[in-house]
Amino acid sequence: MSDPRDAGTIRTSLAEIASLLAPAHPDVADEVLRAHDDPKGYVDAFEERLEQRGIDEPVGNLAWIALIDALAARGLLAEFDWKEDAEEIRAQLTSLESRPSTDPWLLPAPAETSLPTYDFLHACGRRYRGIGAALTVLDIDSDCYPVVVLRAARADELTALADRAGFPVEHLGAAGPGQ
């Protein structure tokens, strides 16, 4: 029996994730697949971008990092520090190209804004779920939270694709694991 995470499966899953999260930006998939297919070439081409992450040679999760950086460069991902201010989180989420048309913060809850970053992100996730959107962390095993917005109905699809590719995601404010 073959390994479910062979290079072809990972490559296909990464391309599908890029299409799911950036349907109007096919160049996102191009960058991700370049990182997967030619890690050294990708590192050389995106040296300045990767320098900010302390990456100067190919790493195991390079294609995942490439996805995160490509999404961020196109306004489709916000990356939050572990101690980010609530108003900054809200401002960055509202500036995303993929934000929902309805603002989930029409009625602010002052108590939520004093929560620690991780808890506040879950509060945001619950609000977004209430309007049919999902906030999802594309985990890079760091002290930051790279967050994307997508339709809640497609969150399980993202989870399945990320699992097939071998990368973790976390849906913020979800009712249970993987939701």
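# Close-up views of a predicted model

**View 1. Leu138, a buried residue of a strand.** Leu138 is buried, with 0% relative accessible area. This is a predicted model. Leu138 lies in strand β2, which covers residues 133-138. Leaving aside residues up to four places away in sequence, Leu138 touches Leu21, Trp64, Leu67, Ile68, Leu71, Leu77, Pro146, Val148, Leu158, Pro168 and Val169. Some of these names return in the helix views below. The C-alpha atoms of Leu138 and Asp69 are separated by 11 Å. Along the chain, Leu138 and Asp69 are 69 residues apart.

**View 2. Helix α1 beside helix α5.** Helix α5 spans residues 62-73. The axes of α1 and α5 come within 11 Å. They cross at roughly 15 degrees. Angles under 35 degrees count as roughly parallel, so α1 and α5 are roughly parallel to each other. Their crossing is right-handed. From α1, the contact uses Leu14, Ile17, Ala18 and Leu21. From α5, it uses Ala63, Trp64, Leu67 and Leu71. By class, this contact has 8 nonpolar residues, with no polar and no charged ones. Leu21 of α1 and Trp64, Leu67 and Leu71 of α5 take part here, and Leu138 touches these four residues too.

**View 3. Helix α1 beside helix α8.** Helix α1 covers residues 7-21, and helix α8 covers residues 155-165. Their axes come within 8 Å and cross at roughly 150 degrees. An angle over 145 degrees counts as roughly antiparallel, so α1 is roughly antiparallel to α8. The crossing of α1 past α8 is left-handed. On the α1 side, the contact is made by Thr9, Ile10, Ser13, Leu14, Glu16, Ile17, Leu20 and Leu21. On the α8 side, it is made by Glu157, Leu158, Leu161, Ala162, Arg164 and Ala165. These residues divide into 9 nonpolar, 2 polar and 3 charged. Leu158 of α8 belongs to this contact, and Leu158 is also touched by Leu138.

View 4. Ser13 is found in helix α1. Is Ser13 buried or exposed? Ser13 has a relative accessible area of 0%. Buried means under 20%, so Ser13 is buried. Apart from residues up to four places away in sequence, Ser13 touches Leu161, Arg164 and Ala165. Leu161, Arg164 and Ala165 are among the α8 residues that make the contact with α1.

**View 5. Tyr118 and Tyr145, an aromatic pair.** The count of aromatic pairs comes to 3. One of them joins Tyr118 and Tyr145. The pair is tilted, with 35 degrees between the planes. The rings lie 5.7 Å apart, centre to centre. The pair links distant parts of the chain, 27 residues apart. Tyr118 sits in helix α7, residues 117-129. Tyr145 sits in strand β3, residues 144-151. Tyr118 is partly exposed, at 32% relative accessible area. Tyr145 counts as buried, at 17% relative accessibility.

**View 6. Pro26, an exposed residue of helix α2.** Pro26 has its place in helix α2, which runs over residues 26-37. Its relative accessibility is 59%. Exposed means over 50%, so Pro26 counts as exposed. The C-alpha atoms of Pro26 and Leu121 are separated by 28 Å. Along the chain, Pro26 and Leu121 are 95 residues apart.

Notes
Residues are numbered from 1 along each chain as its sequence is written. This is a predicted model: local features need pLDDT of at least 70, side-chain atom pairs count only at pLDDT 80 or more; totals for chains, interfaces and linings use all residues. Side-chain values use heavy atoms; hydrogens and water are left out. Axes are lines fitted to C-alpha atoms, for helices over the stretch in contact, and angles run from 0 to 180 degrees between N-to-C directions. Helices (H or I, at least four residues) and strands (E, at least two) are DSSP runs, numbered from the N terminus. Angles under 35 degrees count as roughly parallel, over 145 as roughly antiparallel, 65 to 115 as roughly perpendicular and the rest as oblique. A crossing is left-handed if the near helix is turned anticlockwise from the far one by less than a right angle, and right-handed if clockwise. Contact means heavy atoms within 4.5 Å. Ala, Val, Leu, Ile, Met, Phe, Trp, Tyr, Cys and Pro count as nonpolar, Asp, Glu, Lys and Arg as charged, and the others, Gly among them, as polar. Rings of Phe, Tyr and Trp (its six-membered ring) pair if their centres lie within 6.5 Å; planes under 30 degrees apart count as stacked, over 60 as edge-to-face and the rest as tilted. Buried means under 20% relative accessible area, exposed over 50%, partly exposed in between (1.4 Å probe, protein chains only).
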